[in-house]
Amino acid sequence: MDTENQSVVYEFILLGLGNSSNMQYLLFIIFLLLYLITVCGNIAIMILVITDPHLHSPMYFFLANLSFVDMWLSSNATPKMIQDMLKKNKTISFGGCMSQIFFAHFIAALEMVILVIMAYDRYVAICKPLHYSAIMSLQKCIGLVLTAWIVGLVHAISQSIVIVQLPFCGPKIIDSFFCDRPLVINLACMDSYKIKILMNIDCGVVAVTCFILLLISYTYILTTVHHNSKTGASKALSTCTAHITVVVLFFGPCLFIYVWPLNITWMDKFLAVFYSIITPLLNPAIYTLRNKEMRKSIKRFINQYVNSKSKT
């Protein structure tokens with residue numbers, strides 16, 4: 001092998017979303033605004049849940065955790081992408097690239113488990129209302145969230161420990177705006193087919209298991225409420241629409257990015273943008289617009305703010 005092929009890669013070059021300078025400036029403004037709205041929206045939900053006694057229940061405790069994870073999800077790659085739009089040379093260090101991959105999988109698995117927990121919470125509330133307080137105690141809620149964090153951590157370590165040990169000797173160009181795991185593995189100086197299959201299976205076990213648990217939970221909810229009321233199905237759908245919408249928005253892109261990659265460049269970029277920017281933006285909007293208690297909490301917060309200002 002020649003000297004160039006034996007060299008070690010210390011950084012990767014990101015191609016981003018396009019080459020047009022005018023388009024880059026436009027995307028910079030759009031994504032910066034979307035990122036700021038996402039962060040502010042999720043922080044607002046966390047503040048409301050913490051400060052409003054009416055929201056001190058398991059459902060909103062899990063919602064606050066979901067908002068924290070969504071804020072983290074949007075912050076993993078988006079700030080770097082926004083910064084790179086003003087640069088000609090878009091590079092990321094090897095350590096930075098590995099960190100993006102680690103946190104991408106950590107956050108993805110963590111959010112999946114939290115969505116399952118939220119579905120379980122709705123199942124207990126609707127199917128076992130008399131035992132809800134006993135089952136969903138504060139200790140149990142904290143334990144469930146800690147379990148989600150442990151699952152996310154173990155999954156991220158299982159992915160990262162393999163990628164870090166791969167030999168990278170060039171090329172080092174990634175046709176995306178962040179270090180997407182499948183694209184990084186393609187740069188390894190070895191036949192990575194078996195590794196890609198194993199890592200897709202690893203992601204698939206987490207994603208498919210969570211998705212099946214979600215389907216079981218919502219099936220039980222719809223079935224139970226339908227048997228108890230003539231309008232049960234519509235009421236159940238009304239109660240769980242926000243949860244189901246978020247599940248579809250999150251799992252759709254996630255499955256096609258990490259479990260069954262499409263290997264179509266423009267589609268992969270679109271799904272990556274949707275997953276890392278649009279989904280964390282839509283989650284707070286969905287939960288606040290479709291949840292009466294959240295809307296009431298916002299009104300109470302605004303009224304308190306206005307009253308405190310008028311007194312001063």
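Mentor: A definition comes before anything else. Helices are DSSP runs of H or I with at least four residues, and they are numbered from the N terminus. Bear in mind that this is a predicted model.

Trainee: In which helix does Asp84 lie?
Mentor: Count the helices from the N terminus. The run that covers residues 58-84 holds Asp84, and that run is helix 3.

Trainee: Is Asp84 buried or exposed?
Mentor: The cut-off for buried is under 20% relative accessible area. Asp84 has a relative accessible area of 3%. The value falls under the cut-off, so Asp84 is buried.

Trainee: Which residues is Asp84 in contact with, leaving aside its neighbours within four places in sequence?
Mentor: Take Leu14 to begin with: it is 70 residues away along the chain, yet the two C-alpha atoms are separated by 8.8 Å. Contact means heavy atoms within 4.5 Å. By that rule, Asp84 is in contact with Leu14 and Lys90.

Trainee: How far apart in space are Val151 and Asp84, C-alpha to C-alpha?
Mentor: Val151 has its place in helix 6, residues 138-164. In sequence, Val151 and Asp84 are 67 residues apart. In space, C-alpha to C-alpha, the separation is 32 Å.

Trainee: Which residues is Val151 in contact with, beyond four places in sequence?
Mentor: Val151 has 31% relative accessibility, so it counts as partly exposed. Neighbours within four places are left aside here. The contacts of Val151 are then Ala109 and Val113.

Trainee: How many helices and strands does the protein chain have?
Mentor: Read the elements from the N terminus on: α-β-α-α-β-α-α-α-β-α-α-α-α-α. The total for the protein chain is 11 helices and three strands.

Trainee: Which residues does Ile173 touch, not counting those up to four places away in sequence?
Mentor: Ile173 belongs to strand 3, residues 173-174. With 47% relative accessibility, Ile173 counts as partly exposed. Its C-alpha atom is separated by 44 Å from that of Asp121, 52 residues away along the chain. The residues that Ile173 touches are Ile13, Leu15 and Leu187.

Trainee: Does Pro182 count as buried or exposed?
Mentor: Pro182 is found in helix 7, residues 181-185. Its C-alpha atom and that of Pro171 are separated by 15 Å. Pro182 has 12% relative accessibility, and the cut-off is under 20%, so Pro182 counts as buried.

Trainee: Are the planes of Phe211 and Phe251 stacked, edge-to-face or tilted?
Mentor: The chain has 19 aromatic pairs by the ring-centre rule. For Phe211 and Phe251, the ring centres are 5.6 Å apart and the planes are at 50 degrees. Stacked needs under 30 degrees and edge-to-face over 60.

Trainee: Which residues do ring pairs link into a cluster?
Mentor: Rings pair if their centres lie within 6.5 Å. Linked in this way, the cluster consists of Phe68, Trp72, Phe102, Phe103, Phe106 and Trp149.

Trainee: What radius of gyration does the protein chain have?
Mentor: The C-alpha trace spans about 70 × 50 × 35 Å along its principal axes. For 312 residues, a compact globule would have a radius of gyration near 20 Å. The value for the protein chain agrees with that: 22 Å.

Conventions:
Residues numbered from 1 in each chain as written. Predicted model: local features only at pLDDT ≥ 70, side-chain atom pairs only at ≥ 80, totals over all residues. Heavy atoms only, no water. Helix = DSSP H or I, 4+ residues; strand = E, 2+ residues; numbered from the N terminus. Rg over C-alpha atoms; globule rule 2.2 N^0.38 Å. Phe/Tyr/Trp six-rings, centres within 6.5 Å; stacked < 30°, edge-to-face > 60°. Buried < 20%, exposed > 50% of the residue type's maximum accessible area, 1.4 Å probe, protein only.
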